[in-house]
Amino acid sequence: MSKENINTNNVCLDTNTIISLLFFIEPAHSVINKYLEGNSNDKFYYTKHIYSECETIFRQKLDFLDDIIEDVILFLEDNYNKMYNQKQFTSSFTNSNKNYYYKQSKVDINDIISILSIIWDKHCSENMDGFYLSQIFFKYQHFLDNYLIKYKQTIYNRLILINGYTQEYPQITDKLLSHGSHKKDNEIILDIYEYHLKHNILFNFVTFDKSFYNALKECNFDFLIEIYDYECIKTFVN
């Protein structure tokens, strides 16, 4: 599918795409960021139910990252005079046997290493001692607790908010359910559908949730011009 043939005038972003915009540790961060920058003349939307999900997930991710950074700082206070390269640092820290949980599920150690490696690549030099490394992570913790909240509002301000639906539309929900879509995802589509009815606007929809993407493709709603997943967006920005 070539970019020239795509009508992206009105694009609704799913929760996972907005979260990817907010956190640079997300694997899809650079892709969705480039997509928005490359389509700056388009109108981007989110819905009331997407907003609610984003707020919940944002706080969960922020708390999760804060826990890791706080432990890194404590670890480095006990190892302030040691020299580290990236591999030595991530290996030493993760060998401390501290477990982390996100949404009540244990986080794989490789995901923790990936997060720390991304932070290192952005903020650290090839070799650093524990003291200066702790200062970097302390500053990063401050960044998380202050800048990200402001940045989140900046992202919201770039988007047009679609209010929550006010009526039930069984013709929409029945079709979604028959193709395996879930209640929270269905509410997002109902928000979009009611907005479409009131404003006669057709949308493209971007989601990185493969099951949601597949369900919407199968539903083939006439108010959704096209559904894009991560692979589509990645193709558009490359």
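Predicted model: local features only at pLDDT ≥ 70, side-chain atom pairs only at ≥ 80, totals over all residues.

Visitor: Where do aspartate 63 and arginine 59 lie?

Guide: Both are in helix α3 (residues 48-77), four residues apart, which is about one turn of the helix. Helices (H or I, at least four residues) and strands (E, at least two) are DSSP runs, numbered from the N terminus.

Visitor: And how do aspartate 63 and arginine 59 count by relative accessibility?

Guide: Aspartate 63, at 35% relative accessibility, counts as partly exposed, and arginine 59 also counts as partly exposed, at 39%. The words are used as follows: buried is under 20% relative accessible area, exposed is over 50%, and partly exposed is in between, with a 1.4 Å probe and protein chains only.

Visitor: How many salt bridges does a search of the whole structure find?

Guide: The search finds nine. One of them joins the side chains of glutamate 187 and lysine 183, at 2.9 Å from N to O; these two residues are four apart in helix α8 (residues 183-199), so about one helical turn separates them. Glutamate 187 counts as buried, at 15% relative accessibility, whereas lysine 183 is exposed, with a relative accessible area of 61%.

Visitor: Let me change topic to helix α7. Which of its residues are buried?

Guide: In α7, which covers residues 170-178, the buried residues are Ile172, Thr173 and Leu176. Seen down the axis of α7, they fall within an arc of 90°, so they line one face of the helix; the arc is that of the directions from the helix axis to the C-beta atoms.

Visitor: What covers the buried residues of α7?

Guide: The cover includes α8 and α9 (210-219). Just after α7, glycine 180 takes a positive phi of about 85°.

Visitor: Now the strands: which way do the residues of β1 point?

Guide: From strand β1 (residues 10-13), Asn10 and Cys12 point one way and Val11 and Leu13 the other way, and all are buried. Strand β1 runs parallel to strand β2 (residues 43-47), joined by three bridges, and valine 11 stands opposite phenylalanine 44 in β2. Three bridges also join β1 to the parallel strand β8 (residues 203-206), where phenylalanine 205 stands opposite cysteine 12. Two strands pair if DSSP finds at least two bridges between them.

Visitor: What does leucine 13 touch?

Guide: Leaving out residues up to four places away in sequence, leucine 13 touches several residues, including Ile18, Phe44, Leu159 and Val206, where contact means heavy atoms within 4.5 Å. Leu13 is also among the residues with the most contacts inside the largest nonpolar core, which has 80 residues. Helix α3 gives the most to this core, with 13 residues. A nonpolar core is a set of buried Ala, Val, Leu, Ile, Met, Phe, Trp, Tyr and Cys residues joined through side-chain atoms within 4.5 Å.

Key:
Residues numbered from 1 in each chain as written. Heavy atoms only, no water. Salt bridge = Lys/Arg side-chain N within 4 Å of Asp/Glu carboxyl O.
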